[in-house]
Every structure is written in C-alpha cells, then in structure tokens.
Amino acid sequence: MFQATRRRLALWYTTVTAVLLLLFATGFYVYVRNTLVERVDDTLNHVVEIIGRSLVIEAMPQDNPLAPRQYQVNLEASFRDNADTVEDDHIDLEWFSPTGDLLWSTFASQPQIPVHLNPQGETVHLSGDQVLRQVTQRIEQGRQVLGYLRVSHPWFEVTKPTRRLIVDLSLGTSLMVGGVAAIGWLLSGLAIAPVRDSYQRLKQFTADASHELRNPIAVIQTNVQAALTDPDPEWQQQQLQVVERLTRRLGRLVDDLLFLARQDSSLVTLRQDPIQLGELLTEVLEEQHSMADEKAIALHLTQPDAQPSPASRCLRGDRDQLSRLFTNLISNSIRYTPSGGQVQVTLEGRSRHGLPGLEIVVQDTGIGIPPDALPHLFDRFYRVDPARTHSSDGDRPQSAGSGLGLAIAQVIVENHHGTITIDSSPQQGTRVTVFLPQGERSEELA
C-alpha cells in the first residue's frame, strides 16, 4: 500500500514538473524564435532604408517642358557599392520596375517570385528546402513610383539556432524530468515514512489493545457462564468478585487508552494552574502509604533545601496529570520492591541549560530492570517478562499492569516540557528522574 502511494506521489510530482518544464521550454522557444525573426526583419528594413537613401535618382529628358518632370534610378551608380556589402551579410537585393519587371538582382540563380509589397516581412518557400525571409518596399519620388526594392535573407539564420535550441531544450528537459523523477521518488519516500511509521504504531497499538482487552473479557465471560450454571451461592459470589476485579482492570485500561488517544490527537488543552509540587507529592505519598504498609516498605519524601519556601516549589501545569504521573512512578516502585525495602522520593530545585526547574527523583531498592529492557520502557504495552515481575524473595506484584504506565508518564512529562530518565540495574534498584521547568509562580503561593 505504501509503495503504491509512494509511486503515485512520485508520478504526480514528476508529471506536474514535466508539464511546467514543457510549458517553460515552449514559451522560451517561441520567445527566442520571434526574437530572431524580429532581428532579421530589422536588418532587412535597415538595409532597405540605407539603400533607399543611397539611390541615384536622375531626371528623365522630356520634350514638353510643361509636362510633369519624370525621374528614373541610375542602377549602375546606385548599386555599384551596395552589392558587395550586402553579399557579406548573406543579403540579396532585387530591383523591379514600376510595372514589376526585374531590372537588377544579386541572386546567382534568380527565384521566380512575383513582386508584391510586404514591408512587415514574410517567409517565402522556394523549391527544395530553400526558404527566404523577404521585405519589399515601394520607392517613390514625390508621387511617382520609381520601382520596388526587395531585400532577401536566408531563413537558415533563424532555423539553425532554433533547431539547436530545440535539441538543447529537449535534452535539458529530459534530464530535468529524470532528475525530478529521482528526487520525487526520494522525497515521496521521506514524506511517506512518518505516515508508514504512524500506521505501524497504530497497527501495533490496536493489536496490543485488542490482546489486552480480549483476555479479561474472555475470563469475565467464563466466570459469568460458570456462575449461571452453578446454583451454589458462595461459588456465584466468588465468580462475581472475580468479574468485579476484572471490570476494574478493564476500566483502568480503557481510561489509559482514552488518555493516550486524546493526547495523540492534541484534543486536550493543558491547564496552567499554579501547583505547589511539595504538597502534591505529599498527597500522592499519603495515597500510596497503604500499599507500602502492606509490604512493609518505607516510603519517604525529602526536600534537601533548608526551609524551602512554597514559591520555590511552585510551577504551572495540569494538577491532575502531574498527580497521575507521580502516582504511576511511585506505585511502580512499590510494586516491584520486595517486602522490607525502601522507596525514597526527593524534590529539589535544579537548573538545566540555564532554565530553572524542579527535579523529582524516585529511588527504590527493588529488583531492577535488565539493561536490554531500558530502551523499551516507554513503549506502549511493553512489559519486562518474567524478570521484572518476580523478585528475589518470591514476592509477586499485585498486578501485572497493562504496560501503559510509563508511556503515560512520558506523555505527561513532555506535555509540561520536561524530561524523564530511568537508570536501573538488576537486583540493585531503579532510579527515575523527572525534571520539570518552572513557569510563572503563583502570587498566592509566593
């Protein structure tokens, strides 16, 4: 599918560019050809003007002195010097009488072309491949027509450069189209790559979500069927309790999927509430103390700065998202720390790249994470199995989780323009570091 789309994109890109190049080449050819024709016509008209001024006009003898004076052109005197000059420029001259009879010509082989006025110039095709560009002017003295001067120029002065231009434009256009096709194929590949990656992520996400939903739904269906077929009230009660736990699990999974879907679609506007982060972490730890007490895990919050002011621990952000972030991180540390262990949460002010902010470190003494799993921790539905779900003393996490907690944590940190990193070694604990830049501090908390 993506290869076909890439081919279509490259083909459309090449086709549009080829059409534009063809239009440009055609326009350029027409412009150059018309310019050459205009130059030839200007040359011919200039020759006519020069020869017209150099004509030797003589008065004809007349018997009646009262009759209007008649004039004639002395051909020998008029064209004696002009013939050699125009021959060097590949220009031929012809002089016709007022009745259209040829009187003088520089053509070696006289073309049989009838004389007629064409001061704007015209193209004349002779026998064979010979083509001439001609300008014919009427020469007058007063009201008397002395004759017609026709100036001819070989058409190859236009056809030769235009043919060369056609070859050059064709070759250049072909090379350009070939280059554009190659570049179009490359650019279409670059353009389709994010779409392909997004599609693959969506496909994988859909498959993982379907797998996560399929298992609890199948278990719910099995337990409901068992409860319906067994009349024992105690057995039915046990089955309903299992169903209730599974529905809670499904509810949490659906909430996580909806949160990620909304964040991916950018439909949710991030709130910018003033938050006292120390108070928020205290609330989160209070909520997690019951889980920690069940496993006899020491859970502490420390703030190294001496008597920190409320304003120094303030930032702007979405309180619900930050609460969810630290709940996920702290609950993960408790879940994967063996009984009798310790989870330490540290909050202090830091500056990174000249930007003031708050650094939150969640350090546990849990079972750790294998090095090969660290690059994939923020992938959706990724879970380290089985090493991450079993501790050295045989304790087992209360819930295997859906593999979305750290993905959600990363999204929340990125929403607040922060960073999150995880350092861990097997059986040596895990250290999660979150840096959140501080925005405008609330005057109320200050």
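Predicted model: local features only at pLDDT ≥ 70, side-chain atom pairs only at ≥ 80, totals over all residues.

Trainee: Which residue of S4 stands opposite phenylalanine 96?

Mentor: That residue is leucine 102. S3 and S4 pair over three bridges, in the antiparallel sense, and they form a hairpin with five residues between them, where glycine 100 in the turn has a positive phi of about 95°.

Trainee: In what order do the strands of the sheet lie?

Mentor: The open sheet has five strands in the order S4-S3-S7-S6-S5, with antiparallel pairing. Its edge strands are S4 (102-105) and S5 (118-125), each of which pairs on one side only, and from one strand to the next the twist averages 25°. Helix H1 (residues 2-54) packs on this sheet, where it touches S3 (92-96), S5, S6 and S7, and its direction makes about 30° with that of S6.

Trainee: How many aromatic pairs are counted, and where should I look?

Mentor: The count comes to one aromatic pair. Phenylalanine 24 and phenylalanine 28 are stacked, at 6.1 Å centre to centre with 20° between the planes. They are separated by about one helical turn because they lie four residues apart in helix H1. Phenylalanine 24 counts as exposed because its relative accessibility is 55%, whereas phenylalanine 28, at 35%, counts as partly exposed.

Trainee: What describes two packed helices?

Mentor: In general, two packed helices are described by the angle between their axes and the distance between the axes. Here, helix H7 (residues 319-335) and helix H8 (residues 405-415) pack at an angle of about 140°, with their axes 9 Å apart, and H7 passes H8 in a left-handed crossing. Among the residues that make the contact are Leu322, Leu325 and Leu329 of H7 and Leu406, Ile408 and Ile412 of H8. Sorted by class, the contact of H7 with H8 has eight nonpolar, five polar and one charged residues.

Definitions and conventions: Residues numbered from 1 in each chain as written. Heavy atoms only, no water. Pairing = 2+ DSSP bridges. Helix = DSSP H or I, 4+ residues; strand = E, 2+ residues; numbered from the N terminus. Axes fitted to C-alpha atoms, helices over the stretch in contact; angles between N-to-C directions. Contact = heavy atoms within 4.5 Å. Left-handed = near helix turned anticlockwise from the far one by under 90°. Nonpolar A, V, L, I, M, F, W, Y, C, P; charged D, E, K, R; others polar. Phe/Tyr/Trp six-rings, centres within 6.5 Å; stacked < 30°, edge-to-face > 60°. Buried < 20%, exposed > 50% of the residue type's maximum accessible area, 1.4 Å probe, protein only.
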